[in-house]
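Subject: Structure handover

Hello,

Here is the structure you will be working from. Please open it next to this email.

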Amino acid sequence: MKQEEEHLLDHESDVAHTSLISDHNSNRSPWLTAYFVTIHFLLLCCFAVAVSLATESLRNSLPYTIFPELQSLQYTVKFEHATNHTQYSAYSGPPNDVNAVAWEALIEPLELQHAGIRPETAVKVKDGGFIAALGVYHELHCLNKLRYFLYDRFSMPNVTQTALDYWTDHLDHCIEVLRISLMCTADLSLYTFSWPDDPDAIFLNAHSNSPRKCVKWEQLERWSTKRKISLSPVLLKTAPNKSNPKEDSI
């Protein structure tokens with residue numbers, strides 16, 4: 001009899017405990033629901049923000065251009081750095097036949113046809129299309145002019161003041177073009193320096209193995225070369241209020 005009473009008491013205790021838990025959960029249920037809904041809503045917002053930022057980052061990484069073909073321009077990582085003052089590339093060193101050909105091939109697509117500009121204000125080319133240039137070729141043109149002046153200024157003993165004024169104005173413009181471009185693209189490669197072994201050396205040894213994001217030049221060059229014209233094109237100049245253009249060349 002005593003065991004039955006103990007069993008009955010245990011049963012009643014279990015029932016009371018279960019009832020208590022049930023009442024407790026019943027009282028907390030609306031708050032728990034609100035809590036979980038809020039958490040899921042916040043997680044959904046975070047996901048939406050992450051997707052938006054990723055999309056914005058991807059959009060910002062694409063080249064800004066009016067040409068649809070160049071919007072898919074690819075990039076690569078390179079470790080090329082000019083740190084040796086005595087080592088020349090195909091484009092550096094005193095002007096000679098080899099680097100002259102290299103530079104001419106490099107800047108040959110300087111003028112582009114079919115650039116999507118206004119025909120009434122554009123300079124026409126005799127063979128068709130309009131004269132235009134991508135910024136990178138303008139900058140390469142400036143570099144080439146600076147290169148020639150660096151070496152040729154000593155071989156111009158009879159140069160006139162007018163010619164010097166022209167070169168000064170042109171190269172000053174080129175320096176400004178390159179400054180704007182460099183500050184826009186801002187190469188973040190890290191350079192370090194060490195003392196040279198030669199005590200008479202006038203430069204510190206520069207070193208860099210920093211990776212940097214570079215445009216796939218071959219892809220850009222292929223697109224540009226399809227639209228290139230000669231470096232000395234025959235242009236058509238139309239006088240105001242006249243419909244018959246006359247030829248000119250640069």
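This is a predicted model: local features need pLDDT of at least 70, side-chain atom pairs count only at pLDDT 80 or more; totals for chains, interfaces and linings use all residues.

Residues are numbered from 1 along each chain as its sequence is written, and side-chain values use heavy atoms, with hydrogens and water left out.

The overall fold
The protein chain has five helices and seven strands (DSSP runs numbered from the N terminus: H or I of at least four residues for helices, E of at least two for strands). Along the sequence their order is α-β-α-β-α-α-β-β-β-α-β-β. Of the 250 residues in the chain, 21% are buried (buried is under 20% relative accessible area, exposed over 50%, partly exposed in between, with a 1.4 Å probe and protein chains only).

The second largest pocket
The second largest pocket has a volume of about 250 Å³. A pocket here is an open set of points on a 1 Å grid over the protein atoms alone, where a 1.4 Å probe fits, with protein on both sides within 12 Å along at least five of seven lines; lining residues have an atom within 4 Å of a point. The volume is the space filled by probe spheres set on the points. There are 13 lining residues, and Ile-107, His-141, Asn-144, Lys-145 and Leu-231 are the closest to the centre. Helices α2 (97-107), α3 (135-152) and α4 (161-185) each give two or more residues to the lining. The most come from α3, with five.

A patch on the surface
Tyr-191, Phe-193, Trp-195 and Leu-204 form a nonpolar surface patch with about 500 Å² of accessible area together. Its members have over 30% relative accessible area and no salt bridge, and nonpolar side chains are joined within 5 Å; a salt bridge is a side-chain nitrogen of Lys or Arg within 4 Å of a carboxyl oxygen of Asp or Glu. The areas come from the Shrake-Rupley method with a 1.4 Å probe. Trp-195 sits in the loop between β3 (192-194) and β4 (205-207), and is exposed at 75% relative accessible area.

Two single residues
Ala-186 lies in the loop between α4 and β3. The phi of Ala-186 is positive, near 45 degrees. Most residues other than glycine have a negative phi.
Glu-218 belongs to helix α5 (residues 217-225). Glu-218 and Gln-74 are 144 residues apart in sequence, but 9.9 Å apart in space, C-alpha to C-alpha.

Regards

Technical notes. Patches are made of residues with over 30% relative accessible area and no salt bridge: like charges are joined within 9 Å, nonpolar side chains (Val, Leu, Ile, Met, Phe, Trp, Tyr) within 5 Å.
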